[in-house]
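Hi,

Here is the structure I promised to pass on.

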Amino acid sequence: GASVLVTAGPTCEPLDPVRVFTNRSTGTMGYAIAEAAAARGADVVLVSGPTTLDAPDGVDVVQVETAEEMNEAVQARRDDADLVFMAAAVADYAPAETSPTKHKKEEGDLVLHLRRTPDILKTVGANRRPDQVLVGFALETNDGPENARRKLEEKNLDWIVLNNPTEEGAGFGASTNRVTLLSREGTSEELPLMSKSDVAEALLDRVLHAHPPESSA
Ligand code: CTP
């Protein structure tokens with residue numbers, strides 16, 4: 001009966017009607033969390049960037065494309081959520097201008113200006129309900145624990161899930177993942193390599209153990 005809000009997938013930032021800036025996220029981890037939470041009886045809203053994945057059973061999927069659209073969809077729903085899992089790989093930069101017509105090539109290099117996109121999770125963390133549980137993700141290729149802990153503090157989270165896409169079995173689109181779960185209280189737990197579905201179950205187990213549904217519903 002708890003309300004769970006999940007973000008998943010990449011965002012796509014248009015340069016013109018043909019080209020986009022995006023990243024290698026496939027949405028698998030976020031969809032696995034949404035599916036596992038729904039199977040445990042939660043009311044789940046999944047805000048998803050473009051993916052090829054099917055909507056998990058019983059999950060209300062809100063499709064978005066850009067970071068701005070994802071931000072609007074999340075901020076409009078954040079106050080209803082008891083648990084928030086932000087697994088999306090949100091583009092940090094988008095083209096400063098989107099051309100209504102296709103860019104044509106010319107001689108020489110092309111210089112593009114990029115602008116910062118809104119930090120969706122930081123806004124959620126800054127406006128959080130006191131009884132809400134916030135779980136963020138950190139994708140790091142180096143200095144993982146330090147970077148993850150800094151993000152946990154800056155974004156006012158309860159938990160952060162750290163992974164390294166360059167590690168064997170933990171990359172984009174893989175069916176497996178190896179994560180370290182860091183808590184606001186300072187604990188750190190390295191989970192073994194396992195399927196993303198099992199990672200989702202393990203995350204829900206840890207989070208629900210620390211914040212029983214009675215106290216978060
Ligand atoms: N996130 C978000 N909005 C953004 C960027 C990230 O909500 N504009 C969320 C992600 O869903 C994830 C967490 O914030 O839960 C990742 O933290 P962040 O500091 O943004 O990571 P990176 O974007 O990887 O930062 P950097 O590129 O500086 O490492």
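Let me start with serine 99: setting aside neighbours within four places in sequence, serine 99 is in contact (heavy atoms within 4.5 Å) with Leu15, Asp16 and Pro17. Before I go on, a caveat: this is a predicted model, where local features need pLDDT of at least 70, side-chain atom pairs count only at pLDDT 80 or more, and totals for chains, interfaces and linings use all residues. Residues are numbered from 1 along each chain as its sequence is written, and side-chain values use heavy atoms, with hydrogens and water left out.

Back to serine 99, which sits in the loop between β7 (93-95) and β8 (114-116); helices (H or I, at least four residues) and strands (E, at least two) are DSSP runs, numbered from the N terminus. Its relative accessibility is 19%, so serine 99 counts as buried (buried is under 20% relative accessible area, exposed over 50%, partly exposed in between, with a 1.4 Å probe and protein chains only). The serine 99 side chain also reaches the backbone oxygen of threonine 101, at 2.5 Å.

Next, valine 62 in strand β5 (residues 60-63). Valine 62 is buried too, at 16% relative accessible area. Leaving out residues up to four places away in sequence, valine 62 touches Val45, Leu46, Val47, Ser48, Ala73 and Arg77.

Now the charges. Side chains of opposite charge can pair when their charged atoms come close. How many salt bridges does the structure hold? There are 13, a salt bridge being a side-chain nitrogen of Lys or Arg within 4 Å of a carboxyl oxygen of Asp or Glu.

One of them joins glutamate 201 and arginine 40 at 2.7 Å, N to O. Glutamate 201 is in helix α5 (residues 196-210) and arginine 40 in the loop between α1 (28-39) and β4 (43-48), so this pair ties together parts 161 residues apart in sequence. Glutamate 201 is partly exposed at 31%, as is arginine 40 at 37%.

Glutamate 68 and arginine 115 form another, with their closest N and O atoms 3.3 Å apart.

Finally, glutamate 154 and arginine 150 meet at 3.7 Å, N to O. These two are four residues apart in helix α4 (residues 144-154), so about one helical turn separates them.

Cheers

Notes: Polar contact = N/O pair within 3.5 Å; in protein donor to acceptor, adjacent residues only side chain to side chain.
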